[in-house]
Amino acid sequence: MVGLGLGAGIAEEVWVVAHPSVQRIDRQTLQRIYTGRVLSIGGQAVLPVNLPPGNLVREEFLRLCLDQAEEQYTGYWLVRRYVGKGTPPPELLGVDEVIRHIQATPGAIGYLPASRAPRGVNVIFKP
């Protein structure tokens with residue numbers, strides 16, 4: 001189980017989930033998606049989304065899946081945007097918004113605490 005500091009000693013897993021149109025992926029592909037280096041998988045455009053900075057789930061996702069701290073990830077995208085190499089994934093306000101977006105948007109990818117994953121959700125990566 002992946003520790004997620006959600007308060008009061010609660011530990012929880014973070015899952016990467018996607019619209020049913022997206023296939024399972026490995027860590028390297030996930031890292032390349034969230035750094036703007038992979039734009040499609042098997043012909044399906046992928047559309048990653050983030051939770052906002054300061055969100056504990058985002059911090060755990062960055063640490064476990066991208067091997068980065070918030071400052072590294074933000075700095076990476078600051079430089080990439082400056083040199084005209086893209087923009088970071090859009091930020092959604094919370095887990096409920098991520099779930100709705102994933103369910104409604106072909107190619108969408110996001111992350112959430114395992115306990116909040118709806119039944120039948122397409123889990124494409126577990127750290």
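Which residue in strand 6 is the bridge partner of Ala-18? A few friendly notes on this predicted model follow, starting with that one.

1. The partner of Ala-18 is Asn-122 in strand 6.

2. Stepping back to the whole sheet: it is open, has 4 strands in the order 4-5-1-6, and its pairing is mixed. At the edges sit strand 4 (47-48) and strand 6 (122-125), each of which pairs on one side only.

3. Helix 1, residues 27-34, packs on this sheet and touches strand 1, strand 4, strand 5 (108-113) and strand 6. The helix direction makes about 110° with that of strand 5.

4. Now to the rings, where the structure holds 4 aromatic pairs. One of them joins Tyr-34 and Tyr-111 in a tilted arrangement, with 6.1 Å centre to centre and 55° between the planes. Because Tyr-34 belongs to helix 1 and Tyr-111 to strand 5, this pair ties together parts that are 77 residues apart in sequence.

5. Together with Phe-61, Tyr-34 and Tyr-111 form one aromatic cluster.

6. Another pair worth a look is Tyr-76 with Trp-77, which is edge-to-face: the centres are 5.4 Å apart and the planes make 85°. Trp-77 counts as buried at 4% relative accessibility. Tyr-76, at 19%, is also buried, since the cut-off for that label is under 20% relative accessible area.

Notes. Residues are numbered from 1 along each chain as its sequence is written. This is a predicted model: local features need pLDDT of at least 70, side-chain atom pairs count only at pLDDT 80 or more; totals for chains, interfaces and linings use all residues. Side-chain values use heavy atoms; hydrogens and water are left out. Two strands pair if DSSP finds at least two bridges between them. Helices (H or I, at least four residues) and strands (E, at least two) are DSSP runs, numbered from the N terminus. Contact means heavy atoms within 4.5 Å. Axes are lines fitted to C-alpha atoms, for helices over the stretch in contact, and angles run from 0 to 180 degrees between N-to-C directions. Rings of Phe, Tyr and Trp (its six-membered ring) pair if their centres lie within 6.5 Å; planes under 30 degrees apart count as stacked, over 60 as edge-to-face and the rest as tilted. Buried means under 20% relative accessible area, exposed over 50%, partly exposed in between (1.4 Å probe, protein chains only).
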